[in-house]
Amino acid sequence: NPPDPGYGAADAAYKAYGAHNHEAALANARQAVQLSPANAQYRLLLVNALVASGQLAMAASQASQFLEP
């Protein structure tokens, strides 16, 4: 299997999220989704980062896209 192109950004996002650095988590989660748009875990990470940064409307929008079949 080829390496996941979004892995590095997702890893950085998870670490930033864990450190309560929501701005960095959000930026890295966006990059992870951009690099690996089909990865559901990265999309959920983005939703969580948006919620943590107070961007609830954007989080709801992303979540609805995430939940569509």
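Axes here are lines fitted to C-alpha atoms, for helices over the stretch in contact, and angles run from 0 to 180 degrees between N-to-C directions. The structure is a predicted model, in which local features need pLDDT of at least 70 and side-chain atom pairs count only at pLDDT 80 or more, while totals for chains, interfaces and linings use all residues. Residues are numbered from 1 along each chain as its sequence is written, and side-chain values use heavy atoms, with hydrogens and water left out.

Helices are DSSP runs (H or I, at least four residues), numbered from the N terminus. The crossing of helix 1 past helix 3 is left-handed, a term used if the near helix is turned anticlockwise from the far one by less than a right angle. Helix 1 contributes Tyr 7, Ala 10, Ala 13, Tyr 14 and Tyr 17 to this contact, and helix 3 contributes Gln 41, Tyr 42, Leu 45, Asn 48, Ala 49 and Ala 52; contact means heavy atoms within 4.5 Å. By class, these residues are nine nonpolar, two polar and no charged. Ala, Val, Leu, Ile, Met, Phe, Trp, Tyr, Cys and Pro count as nonpolar, Asp, Glu, Lys and Arg as charged, and the others, Gly among them, as polar.

Leaving aside neighbours within four places in sequence, Tyr 14 is in contact with Gln 41 and Leu 45. The C-alpha atoms of Tyr 14 and Leu 45 are separated by 7.8 Å, although the two are 31 residues apart along the chain. With a relative accessible area of 43%, Tyr 14 is partly exposed (between 20% and 50%; buried is under 20% and exposed over 50%, with a 1.4 Å probe and protein chains only).

Helix 1 also holds Lys 15 and Asp 11, four residues apart, about one turn of the helix. These two form a salt bridge, their closest N and O atoms being 3.1 Å apart, and the structure holds one such bridge (a side-chain nitrogen of Lys or Arg within 4 Å of a carboxyl oxygen of Asp or Glu). Lys 15 is exposed at 57% relative accessibility, whereas Asp 11 is partly exposed at 27%.

Turning to the next pair, the axes of helix 3 (residues 40-52) and helix 4 (residues 56-67) come within 8 Å and cross at roughly 160 degrees. Helix 3 is therefore roughly antiparallel to helix 4 (an angle over 145 degrees).

Technical notes
Helices (H or I, at least four residues) and strands (E, at least two) are DSSP runs, numbered from the N terminus. Angles under 35 degrees count as roughly parallel, over 145 as roughly antiparallel, 65 to 115 as roughly perpendicular and the rest as oblique.
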